[in-house]
Amino acid sequence: MKIPPITRKEWRKLLNGELDVSLRNFFFQMKVTQARTQINNGTVSIETAINDLHILCTKFSKAKNMDEDMKSIFGADYMDEKEPIPVHFDLQKDIDIKNIFSSLRYEREILFYKKALEKKENIVQEKNNLIVTLQEEVIFLKEKVSILYEGLKEIEAIKEEGEYVVVEEKVKKEEKTWSFFNIFKK
Amino acid sequence: MESKLYTFEEVVAFIKQGFVLSLAGDERVLSKLPPGNWIGGTIPYFMDVDCGKFNQELIFVNEIEMYNSEYSIKVYDENSILNIASDSYDNGYSLLILPAFQKINEVYSIQTENINGLYDNPIVGWVSGMDLNSSDTPKTFSGLTGKMYEDKGVVLHVKLPENLFAQVDIVNIFNPDIENDEIKFYNNSFDVTSCMINGKDVNLAEYVTENGIDSKLPLIADYSGASINVCIKEVDVENGKVSFFGPLFKSKSYKFAKAIPSYINEFDDKTKELTANNVFSCNCVLNYLYGDLEGKKINNAAGPVTFGEIAYNLLNQTLVVLTIDEI
């Protein structure tokens, strides 16, 4: 069974309580409860919690009632849906120094996925459904990095002398991150 | 090997043949077993394959199938028990036995949610106990050394091949009565004096007494759809304190359960989906006693009748089942 990609907004809604569904799989019930408590306590970020939950749901995707739970969260036809890639920031239209801070967030996400990918490397090689899920995440992240990269280059071009150095350093960092994704190029 | 009660001699033979086993029985028989690949805990109450039984001579055996894979037996104290998930394999499960009424039990149950990687693999197991009409004390055993413990937990970590995965499920015959008051607690604790009932500060012992609440009914919290019970151990009106068999959490809201007319009928109804190939199962001694389950049969749920059930968290009055399935 395929688990919907991590980019689906329902994961966030499930953990922030916006989506209040009564789950049926015991592992899922307990894990979601723990994640909500930890997010409320401030001991875990919602991004980390979503990532952990997605990895474990993928691992236990064939467990009893997981299919029903996915349907209750993502809709009855969740298996057939092609999830569009959401774009949170349109840097082409909204070039501003503040986007550098957005890129920092992306960097953190990228590093997190990289760590998760490395950990699960052996499993990925043998489980097609996991490969599909993770590849979708990689494609999504590549898209995000690509947008950021282009945006930052534009920032670089328009910024004044004093800010230029900061921006240049950020672009160099983005290039380092980008080299990681080249590994996944087909 | 079928999970059921066996004679002492049969169990000795299993150990000598090198089977990996989880054992439950009276202290006097478990302490005479030879060293081997087994863990154990004390209890004389069982749900055998044919019916519920009290027996101090037979031993309940769960053979742990190895699938040509690995396992490890570890002993934990109150300081190390929170490392349990870190010691598990990448894919597998951990079978835990804790002794009742000990600090390790309290530490594990209150701090479970802080365990790193708690949900990476199923953690299942039970809390050992004793004949309630005796002065015995709960014990655990590591068969590797043959040592018996009063204050330590024993764990069998099992690795599964990549084509298999373990999953844990529960059967709770109770439901919260939605008409009942909502109760919240100020601390994470086994013992309660004051609590918040419908937004007002109330002494729980007085509330239980004045409202004629049946102390055999558990408090229930909702865990994203799972009803999780916490059972009353004692209502001490004189000192205004209620003690519980499990911890109450300040982050949760609780309601007392609806009364049920027949425990066995509820189990019959709610265990229909259970299959006979369970790796492990256990049920609560409170269900056994309050539901008068001695001599009555619960289908496909043979196992020790325990002083607490573990399905990641410490549970009360709940049937726990571990199964292994193909990915």
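The legends below describe close-up views of a predicted model.

**View 1. Chain B as a whole.**
Chain B of the predicted model holds 6 helices and 27 strands. Its radius of gyration is 19 Å, close to the 20 Å that the globule rule gives for 327 residues, so chain B is as compact as a globular protein of that length. The C-alpha trace of chain B spans about 60 × 40 × 40 Å along its principal axes. Of the 327 residues of chain B, 49% count as buried. Among the contacts in chain B between residues at least 6 apart in sequence, 76% join residues that are at least 24 apart.

**View 2. The two domains of chain B and the contact between them.**
Domain 1 of chain B covers 4-171 + 264-326, and domain 2 covers 183-256. Their C-alpha centres lie 27 Å apart. Domain 1 of chain B brings 11 residues to the contact, and domain 2 of chain B brings 11 residues. On the side of domain 1 that touches domain 2, the elements of chain B that give two or more residues are helix 3 (103-111), helix 6 (285-290) and strand 26 (313-315). Helix 3 of chain B gives the most to this side, with 3 residues. By class, the side of domain 1 of chain B that touches domain 2 has 5 nonpolar, 5 polar and 1 charged residues.

Six strands of chain B form an open sheet in the order 7-12-8-9-25-26, and the pairing is mixed. Strand 7 (71-76) and strand 26 of chain B stand at the edges with a single partner strand each, so one side of each is left without a neighbour in the sheet. On average, and with direction ignored, neighbouring strands of this sheet are turned by 20° against each other. Strand 26 of chain B pairs with strand 25 (residues 309-311) of chain B in the antiparallel sense, over 3 bridges. Within this pair, Leu314(B) in strand 26 is the bridge partner of Ile310(B).

**View 3. Helix 3 of chain B and the strands that it lies across.**
Helix 3 of chain B lies across strand 8 (92-99), strand 9 (123-128), strand 12 (153-159) and strand 26 of chain B. The helix runs at about 135° to strand 8 of chain B. These strands are among those in the open sheet with the order 7-12-8-9-25-26 in chain B. Helix 3 and strand 26 of chain B are also among the elements that give two or more residues to the side of domain 1 that touches domain 2.

**View 4. Strand 27 of chain B between its two partners.**
Strand 27 (residues 319-326) of chain B runs antiparallel to strand 13 (residues 164-171) of chain B, and 8 bridges join the two. Val168(B) stands opposite Leu322(B) of strand 27, and Val171(B) has Leu319(B) of strand 27 as its bridge partner. Strand 23 (residues 280-284) of chain B also pairs with strand 27 in the antiparallel sense, over 3 bridges. Here the bridge partner of Phe280(B) is Leu322(B) in strand 27.

**View 5. Thr145(B) in its loop.**
Thr145(B) is found in the loop between strand 10 (140-142) and strand 11 (147-149) of chain B. Thr145(B) has 10 other C-beta atoms within 10 Å and is therefore exposed, as a residue counts as exposed if 12 or fewer lie within that distance. The C-alpha atoms of Thr145(B) and Val242(B) are separated by 39 Å, and the two residues are 97 residues apart along the chain.

**View 6. The contact between chain A and chain B.**
In this contact, 18 residues of chain A meet 18 residues of chain B. Helix 2 (residues 26-41) of chain A gives the most to the side of chain A that touches chain B, with 9 residues. The residues on that side of chain A divide into 8 nonpolar, 5 polar and 5 charged.

Technical notes
Residues numbered from 1 in each chain as written. Chains lettered and ligands numbered in written order. Predicted model: local features only at pLDDT ≥ 70, side-chain atom pairs only at ≥ 80, totals over all residues. Domains from an automatic or database assignment. Contact = placed C-beta atoms within 7 Å. Helix = DSSP H or I, 4+ residues; strand = E, 2+ residues; numbered from the N terminus. Nonpolar A, V, L, I, M, F, W, Y, C, P; charged D, E, K, R; others polar. Pairing = 2+ DSSP bridges. Axes fitted to C-alpha atoms, helices over the stretch in contact; angles between N-to-C directions. Rg over C-alpha atoms; globule rule 2.2 N^0.38 Å. Buried ≥ 20, exposed ≤ 12 C-beta atoms within 10 Å, placed from the backbone.
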